[in-house]
Amino acid sequence: MPDNRIAAGVAVPPAGVAVPAVDVPAVDVAVSRGRTDGRGDGRTGVPPLLTAKLSVAPLPDAVIVRPRLHELLETGAAGPVTLVSAPAGWGKTTLLSSWYRAMAEDRSRAWLTLEPGDGGERLWAYLRAAVHADGAEAERAGPGDRDHLDRLAAVLARRADPVTLVIDDFHRVEDPDVAAGLDFLLRHTGDRLRLVVGGRTDPALALHRWRLSGELTEIRAADLAFTAEESAELLAAHGLNLPAEQADELWSRTEGWPAGLRLAALSLPQQADPARYVAGFAGDDQDIADYLSEEVLAGLDDEVRDALRRTSVADRLRGGLVDALTGRTDGDLLLARLERDTGFVFALGTRPPAYRCHRLLADLLRAEQLRRPTDELVDLHRRASAWATAQDLPAEALRHLLAAGDWSRATEVLAERWADLVPYAPGRPGVPAPAPPPPEAVHADPALALAYALDRLDRTDPAGAADFLRLAERHQQSLTGPRRDRFTLIAAALRLARAQVAGEPADVLAEAGRLRALAQPPGGAAGRPPVDLAARAIARTAVGAAQLGAGDLSAAETELVGALADAQRAGLARTVLACTGRLALVRAVRGHLVAAERDARSAVATVDPASPAPAEHGHAYLALALVALHRDRSSEAEANLTLAGSRVDQAGEPAVAALAALVRAQLTRDRGDLPGSYQLLLAGRAHLADQPRAHQLAHWLLAAEADLCTAHGDLARSRELLLGPLDAASGAAEPLAVALARAYLHAGDIGSASRTLPAWSEPAGEPWLLPLRLEAGLLDALTARAAGDHRRAARTLEQVLALAEPEGFRRIFTRSQPSARDLLAAHLDSGTAYWPLVRELVSIGADQPSGNGSGQPFAGRNGSGQPFGRTGSGQPFAGRDGERRERPGRLTAGVPGLGEPLTDRELTVLRYLQSILSNVEIASELSVSVNTVKTHVRNIYRKLDATRRREAVRRARELHLI
C-alpha cells in the first residue's frame, strides 16, 4: 500500500479552505536531454523522462493542516539539508506534498519522486529536469562525462535564488554514487541548492557533517505522530462525528500513528457499534496486522523479529531483559537500532535506557506469541521474572510470576516486598492481565489472591482488586500464627490502596485507620510490640494525600512529614518519593516556597526504576510551577506545568488536577487571554464537582473567576459571583472576601472594601495560607492609600514585605490589582527595611504596561480580535470554548530588537531552556526527537544572536519573550 495513500499525515484545512493546486512546469527536453514523449533520446541514450515523477505527489481525500510540521520544514529549507525519515505509514509523502503546495508561488522549487532502478545518468537527467538547469554547460554534460556534476553545480551556483528540491522515496535508490553526487552538489552550489529528502531510511548523505555544523533539520516518526487535536480533526475530515471520549481513545490506541488512524477512519463507517469497535481496536485487527506485517516486520531479519516477539511478554524493555529472553548479548544495541529504524520502538528517556513497543505492534507480537507452544510462553515469563528480581524490580517480577503460574514464588515476593509494591497512583502496564488462579491454589495459600489483587490495582482495576480481596479473606481461616498476621497486614494495605485507586476519600481514611492500628498494636510500656514502620508510613501517606485533596493543608503537612520519617527509616524508596512530592505541593500551596522548592527538586531527582515518569513527579513539578508563579517567573512556571502534565492526570486526584488548572488559568490571564483563563477555571471547577470536601480550593477558583470579571471591568458580575457563596459559606471563605474587597476597591467604594476585607494581620489570620495573607495585606495597604492614610499604608506595606521577602514572593506585587506600583514607589521615598526588594519591584513595574491591574494591557479584545462582553447565557466572556486563538509565539513578530520572529515551537523550547532539563529530556517531554530540539535550539540561538543557553535565556528576558 503506497505510503502517501494510507497515511494522511497532512493538514485537512478548516471548513471552506482548500489546499492550493500546484502547476508543475513542463519539462524542457533540451535541458533534460531526455524526452517526455516516450521516444527517448538517441543521441545520449537517456531513457524518456516521466512527467509524473517530476510532479508533486497527489494528496489523499482527507487531509488536515499541520502548521507545526510546516514550520519545521520551512526552518529546514532555509539550510542545506532537511531529512524526513520514518517507516511506512507515518505520512512523509503527504506532509511533503501538502507543504510543497503551500509554498509561495514565486519560490524556486522542484519535486522528484524516485523509484527502484533510478541511478546513474537516468537520475541526473531527472534531477536536471527537476531544477530546470538550462544552460550550455549543463547540456554538454553527457552520461560518460566525468565533469557533468561540475557543470551542473556551476549552473546551480549561478542561479539568482536558491532552489528547494524535494526528493521523495529516497530509500528506493540503490546506487551509492547518487548520495555522493548530491553531497558534491550541496558543497559546490554556493548555497543555491536546498535539499529536502523523504524516505523510510536515512540516506547515505554525509548527514554527520551537516548535523555537526548545525545545518541539518530532522523530522522523524515522533514528530510525524498526530496529536490528539490533529487526530480529532482527521476523523472529522473523514466525516466521522465521534464523541470526544472515543476520539481520544482511538488516538491513544494508535499513539498518533497516521496509517493506523486512517485505517480506523476507513473502517468505522461500516461498524454497527463504533464505540465497541474503538474499545477493541488493537494490533491484531486484520487491516492493522496486515499493514504492520508487510510494511514494518517484513523488513526485519528473522532473528530480530523473533526477538521482538519474545520481548512482547514485557511492557518495558531494557537491554538486559532482551538478552535474558533471547539469549543475545547485544540487547541495548538492538533496541537502539529498532528505535532508529522502525519508528515503532520508543525510548523512554530513562537512565539506564528503557524502551517500549508501539501499542499496536505490541498487540500483534503478543498475538503471534500466543500461537506458539504454551511452554515457551511460560519459560519467557520465568526468565523475565528472574531478570526483574536480579534488578530489584519486585512489581515486574511479581507480574511475570503470576503470568507464568509460579504461584509459590509469587507469594514469596509478596510477603517479602509488599510494602514496596503497594501503589500510590494508578498504573498503566501494557501486558494483558494474567488468568485467575484455580480455586484450589487460592485455598492452599490465600495470599495468592492478594497477589492478584495487587496486580489488578496496578492496572487501575479497583473492582477486580476488590473481588480478589474478598476471595482471599474467605480462605484466610486456613492460616495461623505469623502467616495469618502478615496476611492481615497486607490485606489491610491493599484495601487502603483499592480505596485510593477508586477515589473514595472516606474509605481511604477508614482503611488507613485500620492499617495504622495493625501497625501499632496496643500494649504496656514495657511489653509494647514494635511498630511496623512500613505499614504506618503507608497509612500516614494515604491520610496525608486525602487531607491534601480535602484542602486541610496543615493536617496534610503533619501527616506527610511523619510518613516521610517512617518511610526513610523503613527504607521504602517508593513511599519516600510519594511523600516528598506531595509534601512539596502542600508547602507550595501554603506559601512556604523555599521548603517547597527544596522538596520538589529532591523528588524529581529521585528515579523510580519501575516507572520512567512516576505520578509523584507530577506533584513535584506542579509545586515548582506554583513556586515560579508566586515568584513571577511565568515561563519557568509554564515549563514545570508542562512537565507536570500527564503525571497529574495519571495521579487520579481531582483536587490536584483542579489546582493545576488554577495555576494554568493564572498564567493564561497574565498573557492577557481572559476567555482562555475563564475556560480553564471552569475546567478546574469541573474536577471538583464530586469533591464536596475540597471547598477551600473551590473558593480559590471562584475568587479567581471573580477577579477576571473585576479585571475586565464587569464589577456587577464579580459581586454577583461572590456575594451569594460568601453568605452561604459555612466555614472560612477568606478568598471570597478578599476578592470581593478587591472588586469594591476597583469600583472606588473604599468604605465597602475596608469593611469587607478580613482581618489578615490579627491572630485569627495567622493560620491562613501565606499567599492569601499577602493578597489581603497588600489590598489593605492600597485601601489605606486610597483613603488618604499614607502612614497606615506604609506601615501595612512594610508588614507585607516582611512576610513576602524571605520566601521570594514577587507576583503579588507585580501583578497586583489595582496596581501597586505607585504605592511601592512612594514607599522607597518614605524608607523601608526592604529597599532592594522594593526597588526591584518598582523597576519591574516600570517595564510593564499598566491598564488592567495584572501588569498586561487589555485592549478589550482577545488574541483572536473578538470583543469581550456578557453573553446571553450569563457567561462573562464571549470567547467560545474550543475557539482557536492566536498563540503566544505569534506575538514575537513585533518584538523590537528581534529581527526574525520565533515560531510557536521555538518559543516553547525557549521556555524549557530556562530549566535544568537537557535536550534529551526536553525532547522526551515534547514527544519529539532530540535532533528536532537541537534544530530549534540552533534557530533560537541564531535569532537571539546568542551562542550559549544562558545567553539565549538572558537575551529573551531582555526582549520580554519569556
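Predicted model: local features only at pLDDT ≥ 70, side-chain atom pairs only at ≥ 80, totals over all residues.

Colleague: What makes Asp-420 buried?

Modeller: The cut-off for buried is under 20%. Asp-420 has 18% relative accessible area, so it counts as buried.

Colleague: And which side chain does Asp-420 meet in a salt bridge?

Modeller: That's Arg-417, at 3.0 Å, N to O. A salt bridge needs the nitrogen within 4 Å of the carboxyl oxygen, so the 3.0 Å of this pair qualifies. Both residues lie in helix 22, 3 residues apart, which is about one turn of the helix.

Colleague: Is Arg-417 buried or partly exposed?

Modeller: Partly exposed: its relative accessible area is 24%, and that class runs between 20% and 50%.

Colleague: How do you know that Arg-514 forms a salt bridge with Glu-511?

Modeller: Their closest N and O atoms are 3.2 Å apart, and the limit is 4 Å, so the pair counts. These two both lie in helix 27, 3 residues apart. Glu-511 counts as buried at 13% relative accessibility, whereas Arg-514 counts as partly exposed at 45%.

Colleague: What about Asp-379 and Arg-383, where do they lie?

Modeller: Both are in helix 20 (residues 374-390), 4 residues apart, about one turn.

Colleague: How many salt bridges does the structure hold?

Modeller: There are 62. Some link up in a network: Asp-306, Arg-309, Arg-310, Arg-372 and Glu-376.

Colleague: Now helix 26. How do you know that its end-to-end span agrees with its number of residues?

Modeller: Helix 26 covers residues 481-502, 22 residues in total, and at 1.5 Å a residue it should span 32 Å. Its end C-alpha atoms are 32 Å apart, so the two values agree.

Colleague: Which residues of helix 26 are buried, and what covers them?

Modeller: Among the buried ones are Phe-487, Ile-490, Leu-494 and Val-501. The cover includes helix 22 (407-421), helix 24 (447-458) and helix 28 (533-550). Just after helix 26, Gly-503 takes a positive phi of about 70 degrees.

Key:
Residues numbered from 1 in each chain as written. Heavy atoms only, no water. Expected span 1.5 Å × (residues − 1). Buried < 20%, exposed > 50% of the residue type's maximum accessible area, 1.4 Å probe, protein only. Contact = heavy atoms within 4.5 Å.
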